[in-house]
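Good morning, and thank you for the time. I would ask everyone to look at the sequence and the structure together as I speak.

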Amino acid sequence: MVLGGLWGVFAGFAAFLTNWCNIAQSVVLGVLGMIGAALPDIDGKNARPRQILLGILGVGIPFLLLGSHWHGLTNEARLGWIIGLYVVIRYGTDFFLCHFSRHRGAFHSIPAAILSGEITFLIFVDSSLTVRFAFALSVAGGYISHLLLDELYAWNFIGATEKKSAGNAFTWKTDSAAGTLLFYLIIAIIGYYLLSASKNWKFG
Ligand SMILES: [Zn+2]
């Protein structure tokens, strides 16, 4: 958790100092990096970090999904949308994760990290391309650094036996072959979409 925060601060500073992002974008990028670094443990046994994370996503996702539609809506409609989606994300996902996922399962894998980057790229649809790449890299980088640290930590301090029982921290596949296939299929579909859209991209 602390190291995730460090990653966010580091990524934010790096983006700002290299002129990749302006100051406001760098702050957003830093926060996104912290969220990315926290995401792999969203299915963790400890409910508290998961609930905090789902709370943040529960407000952030409906807000970002509205995008430019925000202007055409009344306040009641905006509030209704955000509250409705908040309940679904915060409590629905919490219920789902509690009952159907295993800690260090599908979320604790490299394909999940790639997917998190792709989704971040898709969400910030009206940002400049360079900023979208920076945000996606920050989230996926935070995600991967989490997996990497879990792996190193397990090897150094806990040992291989604990590591086995806790599941593999740094892996290219999930528990089930079908799940892995589905994961890569989703990544490929979004990847294909991004690639075909990239013909019209203008950098600058
Ligand atoms: Zn972890």
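Let me begin with a term: a residue counts as buried if 20 or more other C-beta atoms lie within 10 Å of its own, as exposed if 12 or fewer do, and as partly exposed in between. The model before you is predicted. By that criterion, buried residues make up 28% of the 204 residues in the protein chain.

I turn to the overall arrangement. The protein chain contains 8 helices and 0 strands, and its pattern along the sequence reads α-α-α-α-α-α-α-α. Among the contacts in the protein chain with a separation of 6 or more, 69% are accounted for by residues 24 or more positions apart.

L6 belongs to helix α1. Is L6 buried, exposed or partly exposed? It has 13 C-beta neighbours inside 10 Å, and L6 therefore counts as partly exposed.

I now move to a pair of helices. In general, two packed helices are described by the angle between their axes and the distance between the axes. For helix α5 (residues 110-123) and helix α8 (residues 177-197), the angle is about 35° and the axes are 10 Å apart. The crossing in which α5 passes α8 is left-handed.

Which residues in α5 and α8 meet? From α5 come P111, I114, L115, E118, F121 and L122, and from α8 come F183, Y184, I186, I187, I190, G191 and L194. By type, the residues of this contact comprise 11 nonpolar, 1 polar and 1 charged.

Finally, let us consider α8 by itself. With 21 residues, α8 reaches 30 Å from its first C-alpha to its last, which is close to the 30 Å expected at 1.5 Å a residue. How many of the 21 residues of α8 are buried? The number is 1, and α8 therefore lies largely in the open.

That concludes my presentation.

Conventions
Residues numbered from 1 in each chain as written. Predicted model: local features only at pLDDT ≥ 70, side-chain atom pairs only at ≥ 80, totals over all residues. Axes fitted to C-alpha atoms, helices over the stretch in contact; angles between N-to-C directions. Helix = DSSP H or I, 4+ residues; strand = E, 2+ residues; numbered from the N terminus. Left-handed = near helix turned anticlockwise from the far one by under 90°. Contact = placed C-beta atoms within 7 Å. Nonpolar A, V, L, I, M, F, W, Y, C, P; charged D, E, K, R; others polar. Expected span 1.5 Å × (residues − 1).
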